[in-house]
Amino acid sequence: MVDTLIAKRHLMANKKQTLVAMLGVTFGIAMFILMISFMIGVNQFMENTMLSSTPDIHIYNDIKTDYSVSIAGDYFKDKNLLVSVRHPKPKQVNLNIKNASGILNNLRQDPTITRVSPFLSTQVFYNYGPVQINGYINGVNIIDESKIFDLRSKMTIGQPEDLLNTDKGIIMGRGLANKLNLGIGDMVTLTTPAGTSMSFRVVGIFAIGIGTIDDTRSYINLANVQQLMGKDRSYITDINIKLVDNKLAPSKAGELYKKYNYKSDDWQTANSSVMASNIVRDVLTYVVSITLLTVAGFGIYNIMNMTIKNKMKDIAILKAQGFSGHDIVRIFLSQSLFIGFFGALMGEVLGFLLSYALSRVPFPHNDFISLKYFPVIFNPAHYLFGLVFGVVTPFIAGLMPSIRASRIDPVVILRG
Amino acid sequence: MSVALKVENVNKYFHEPEEFHVLSDISFSVNKGEFVPVIGKSGCGKSTLLYLLSTLDTDYKGKIFINDQLLTGESQNNLARFRNENIGFVFQFHFLLPEFTVLENVMLPALKLGKLSRKEIEEQAIDKLRQLQMDAFAHKLSSRLSGGQQQRVAIARALINDPTIIMADEPTGNLDSINTGIVFDIFKNLAHEKGITILTVTHDLDFAKSADRVIEMADGRIKDS
């Protein structure tokens, strides 16, 4: 094709200019690839982290004290009086889930639910020597709980089953164990808000990677906590649920709330701030990438305009020799597309190299986040998108100058 | 003798900067194989006429026929194709494409026409260059040649598609007398031996004197001679 031959010559005749235009696209696409790989990597890391600490659905008994009924009403009920109690104190409530075994049986038969873990959570003081640290314990059936959160992979010392093999064992968060300077086999005394206390032997240490959990939480057998709190064997406060498909959690949570009338949080609602920041990161990625590509597009637009200005005589002579307006558009638009395509291709390579390099950079050590390297993901779809973007931008940028070139009146130029 | 070019009542106006009647009631015809210089003072409209005939300028009233085909009112794309096939151009400023070699410059219009294979076109281009004694420069970049050499390459390029008519705008305007003589001889040869019609705008009266016929223009009209 003679049009492409001419386009090629124009590009080759001005290698430096061609390269500069290409580099504009290259950096645009490279930054797009780097940013989206990193941002999506962060998003995925955040999602994984929160799923490792948040169940798909969490059912619990939220504190809601009914102030509308007062004993004063009962006392004065015979009198023809309007009774108003100002600023009543809350009455004592049990935060447990009533009819727990019935609900649990029900949940275990639900085909959309893969695992159910009932537990009893309470605040405690950890006492070791003179040190007292505030935290809380989850009394669990450790087999169920470790299936939901994959505790096995998060144990730094010991195994979840060790809890079953020890009388009054405790699995502690790493941060908590470090603060108390506790190791395997050490005894720690727990004191409840009600004042009861009991000693437990450390059998394992876990690290989920979220400071607020690792610094405060421990696992004990459900029966031990019931015993510590002086409650019967059916007393539980929370149920964690793992679903077959966690995307269905919000609707399922609503359904469970209606059915049992206990507060049901799905993981997305419980982590709405994390979900929101994911969206912010996504938007940021696209805004920055589009800005970079727009800048690259303007670069191409400028260079095409300059090229066309320099080639006015050539355009006139080509038209005189029988090249049509379409030919002229093709000649210049194909230059623009060539710049875009190869610029984008180089950008993909550069973007991959930068992303790879970033994925090997150690993440600064942090007590709250367990992350060895910067989280980067490599998704072919991003690269495809980058290539499409890298061709569409120069096409748009090159279209106007090319059309203008095709409209040049050769007579004006040939007559001088 | 058959008619190569016929012009009927052509009128042209310039609208900018002010209304101006450049060409009025131009009618004439040129036969095949005729070598016809168009002369006249600056501003008499001879170049304007040439660009109308070349189909590059379509803003006029009247009718223009080339090879008995009415070109007035054709679309730009059709005109481009027609120029490619039937009209060769030679300009005052040689207008070769600087990024291409001499040979490629000559080949481009034929590559655009696309009737022959690349190899055949190359052979033809070499042949045309040989006719103009420029074949030795075939693989040089066109920007390395002297003015006279470039003009000869431009003529070879005008010939590549075997046009019926060659239109030239001051082809010798930038050349010394030796090169002017060479170009003049080439044109005469082409007209008389190959039967190509040649219409050339020129200031050069020597050039005009020995031609078959001269069209002289003044104030937008053809002078009767």
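**From the chain contact to the folds on either side**

Chain A gives 19 residues to the contact between the chains, and chain B gives 21. The model is a predicted one. On chain B, three helices each supply at least two residues of the side that touches chain A: α1 (46-53), α2 (76-86) and α3 (102-113). The largest share comes from α2(B), with six residues. By class, this side of chain B holds 12 nonpolar residues, five charged and four polar.

Stay with chain B and turn to its strands. Four of them form an open sheet in the order β2-β1-β4-β5, with antiparallel pairing. Its edges are β2 (20-31) and β5 (69-70) of chain B, each of which pairs on one side only. Strand β1 of chain B covers residues 3-14. Eight bridges join β1(B) to β2(B), and the two run antiparallel. To find one point along these strands, look at Leu5(B): it stands opposite Val30(B) of β2(B).

Now move to chain A and a pair of helices. Helix α12 of chain A spans residues 272-310, and helix α14 of chain A spans 325-359. They pack at an angle of about 145°, with axes 11 Å apart. The crossing of α12(A) past α14(A) is right-handed. From α12(A), the contact is made by Ile300(A), Met304(A) and Ile308(A). From α14(A) come Phe332(A), Ser336(A) and Ile339(A). Five of the residues in this helix contact are nonpolar and one is polar; none is charged. The side of chain B that touches chain A, by contrast, includes five charged residues.

Terms used. Residues numbered from 1 in each chain as written. Chains lettered and ligands numbered in written order. Predicted model: local features only at pLDDT ≥ 70, side-chain atom pairs only at ≥ 80, totals over all residues. Pairing = 2+ DSSP bridges. Helix = DSSP H or I, 4+ residues; strand = E, 2+ residues; numbered from the N terminus. Axes fitted to C-alpha atoms, helices over the stretch in contact; angles between N-to-C directions. Left-handed = near helix turned anticlockwise from the far one by under 90°. Contact = placed C-beta atoms within 7 Å. Nonpolar A, V, L, I, M, F, W, Y, C, P; charged D, E, K, R; others polar.
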